[in-house]
Amino acid sequence: MKIVVPVKRVVDYNVKPRVKADNSGVETQGVKMSMNPFDEIAVEEAVRLREKGAASEIVVVTIGVAEAQPVLRTAMAMGADRAILVQTEAALEPLAVAKLLKTIVDRENPGLVIMGKQAIDDDMNATGQILAARLDWPQGTFASAVSVENGRITVTREADGGLETVDLALPAVVTTDLRLNEPRYATMPNIMKAKKKPLETIAADTLGVDLAPRLETVTVIEPPVRKAGIKVASAAELVGKLRDEAKVI
Amino acid sequence: MTTLVLIEAEGASIKKASLSAVAAARVFGAVDVLLVGAEGAQEAARIEGITRVLHADSTPPLAECIAALIADRAAQYDHIVSAATAYGKNILPRAAGLLDVQPITEVIEIIDADTFVRPIYAGNALATVRSRDAIKVLTVRNANFEAAKLGETASAPIESVSAAVEIPDARFVGIALTHSDRPELETARVVISGGRGLKDAENFKLLEPIADRLGAAIGASRAAVDAGFAPNEMQVGQTGKIVAPDLYIAVGLSGAIQHLAGMKDSRVIVAINMDPEAPIFGVADYGLVGDLFEVLPQLQAALEA
């Protein structure tokens with residue numbers, strides 16, 4: 001079975017994002033960029049499935065600017081076999097991304113797509129579900145455990161009150177939650193090897209997908225700043241403040 | 001035109017997050033609610049301000065089936081809404097995918113019928129977006145909207161519905177619920193959360209008497225969950241639950257960006273931490289610098305006094 005793993009290049013999770021002065025978005029120029037943390041978990045899970053003999057080939061895909069190539073190299077250093085860059089300068093929404101991914105999935109014909117449950121920049125949590133809908137495949141979202149057997153995948157999902165289990169016919173789309181695994185670090189020899197693995201570039205506008213945004217960003221602002229608080233000296237003083245000043249207990 | 005709100009029942013009662021979604025959706029006009037599952041229709045019919053209850057009692061609790069059910073009936077609606085819970089976040093984007101519309105998730109403010117505010121970058125920025133889609137599919141953060149009220153008696157008619165389409169092969173195996181007598185984290189008036197500073201799962205119990213005294217839900221930071229001190233569903237943050245209680249008490253947690261994204265809209269924030277430089281003090285209304293193992297018993301004593 002082949003596995004396709006979509007990955008996204010995002011502002012590194014350790015960077016405190018800054019809103020642009022013209023309120024058009026968040027500053028990404030000159031900011032450290034990395035693979036979306038949930039996507040690292042997806043790559044790791046694909047590699048583990050191959051190590052267990054449940055997968056034969058892992059193809060990573062990203063959609064974006066040429067500068068996203070290092071993210072694909074990282075994924076290949078973790079164990080992916082080859083990579084596809086669907087190149088575009090446009091800022092794309094999950095719907096357009098899912099449609100582009102569908103063209104890749106249609107071409108590659110994998111048994112499984114594993115991807116992060118959300119990107120830490122737009123915080124949408126939608127692309128995997130939309131892709132599953134457009135492929136008419138079952139979905140296992142927010143996965144904290146998966147197992148593949150007899151053409152089906154069992155997915156343990158992080159639900160509101162606990163853990164839910166679903167059993168899906170393959171091919172399927174799975175999105176990863178944090179607890180699924182601990183991604184491995186790419187070793188130096190593997191980083192060197194990854195440089196020789198195939199990386200194919202496809203222009204997004206050759207794929208016949210309508211990329212026009214459906215959402216117009218009116219403005220992006222800083223959230224309101226909380227009023228500076230005070231330090232108290234003791235638990236008794238704290239309880240006094242909560243009772244008499246804040247009136248919350 | 002009318003709005004369809006996907007609601008969720010827990011046993012025979014409607015989840016409070018769903019009641020918030022109904023209240024948010026009422027600004028668009030008339031509201032139909034859709035309930036999937038055997039129980040809860042009678043209580044759903046008591047929700048004030050709704051036109052009717054669509055009840056799919058034989059539809060399996062799977063995104064594949066419920067999204068198909070929604071898409072099947074979507075032509076009658078201009079907005080499709082649910083709470084931004086794990087349930088809604090699983091289903092609504094799939095329905096949007098079937099309808100070829102871009103969903104708008106985690107909405108915190110509705111400006112008008114097309115324009116919405118949602119946090120991005122772990123809540124470090126607020127984006128106002130205007131949708132060009134004919135049908136708006138959105139999930140709303142319940143912490144930002146009041147809950148709709150339940151009337152004394154059932155007043156909305158209940159109509160039985162089912163999906164008339166083929167669905168992909170998926171089976172619901174089961175759910176292992178984490179049992180708790182405490183209030184639900186996302187709707188509790190008071191939340192006390194522990195971080196890595198508690199050092200182990202046993203010490204997490206130190207939060208319990210204080211939670212009992214305050215009628216609080218107990219939460220955890222991602223670090224505490226990853227270290228195995230607390231179960232996943234207790235996690236507060238960008239990748240866990242979003243809460244906005246009247247009082248949030250953060251104990252032994254540093255206040256990483258990802259945690260703040262889940263709680264910084266709380267009305268009053270208290271931080272108890274040994275490190276005076278911890279970022280959590282940057283958002284706390286009241287900060288107490290000290291060893292939590294000394295402070296927690298003192299806090300308990302002060303609450304009893």
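Analyst: A salt bridge, as the term is used here, is a side-chain nitrogen of Lys or Arg within 4 Å of a carboxyl oxygen of Asp or Glu. By that rule, this predicted model holds 40 salt bridges over all chains.

User: Thanks! What makes A:R82 and A:E108 a salt bridge?

Analyst: Their side chains come to 2.6 Å, N to O. The cut-off is 4 Å, so the pair qualifies. A:R82 sits in strand β5 (residues 82-87) of chain A and A:E108 in helix α3 of chain A, 26 residues apart, so the pair links distant parts of the chain.

User: Why is the contact between A:D167 and B:R171 called a salt bridge?

Analyst: The closest N and O atoms of A:D167 and B:R171 are 3.1 Å apart. That is within 4 Å, and therefore it counts. Between chain B and chain A there are 9 salt bridges, and also 49 residue pairs in polar contact, both residues at pLDDT 80 or more. As for the side of chain B that touches chain A, its residues divide into 45 nonpolar, 19 polar and 24 charged.

User: How do you know that chain B and chain A are in contact, and how many residues take part?

Analyst: Contact requires heavy atoms within 4.5 Å. On that test, 88 residues of chain B touch 81 residues of chain A.

User: And what area do chain B and chain A bury between them?

Analyst: The size of an interface is often given as the accessible area lost when the parts come together. Here the value is about 6900 Å², with 53% of it on carbon and sulfur atoms. B:Q102, B:Y121 and B:Y286 supply 12% of the area that chain B buries against chain A, more than any other three residues.

User: What makes β13 of chain A and β18 of chain B a strand pair?

Analyst: DSSP must find at least two bridges for two strands to pair. Strand β13 (residues 230-232) of chain A and strand β18 (residues 286-289) of chain B have 3 bridges, in the parallel sense, so they pass. Within this pairing, A:I230 stands opposite B:Y286.

User: How do you know that β9 and β10 of chain B pair?

Analyst: The same rule asks for at least two bridges, and β9 (residues 115-120) and β10 (residues 125-131) of chain B have 6, in the antiparallel sense. For example, B:V117 in this pairing has B:T128 as its bridge partner. These strands belong to an open sheet of 4 strands, in the order β12(A)-β10(B)-β9(B)-β8(B), with antiparallel pairing.

User: Why are β12 of chain A and β8 of chain B called edge strands?

Analyst: β12 (215-221) of chain A and β8 (109-110) of chain B each pair on one side only.

User: What makes the peptide bond between A:L170 and A:P171 cis?

Analyst: Its omega is about 0°. A:P171 lies in the loop between β9 (162-169) and β10 (172-176) of chain A.

Note on methods:
Residues numbered from 1 in each chain as written. Chains lettered and ligands numbered in written order. Predicted model: local features only at pLDDT ≥ 70, side-chain atom pairs only at ≥ 80, totals over all residues. Heavy atoms only, no water. Buried area = accessible area lost by both parts, 1.4 Å probe. Polar contact = N/O pair within 3.5 Å; in protein donor to acceptor, adjacent residues only side chain to side chain. Nonpolar A, V, L, I, M, F, W, Y, C, P; charged D, E, K, R; others polar. Helix = DSSP H or I, 4+ residues; strand = E, 2+ residues; numbered from the N terminus.
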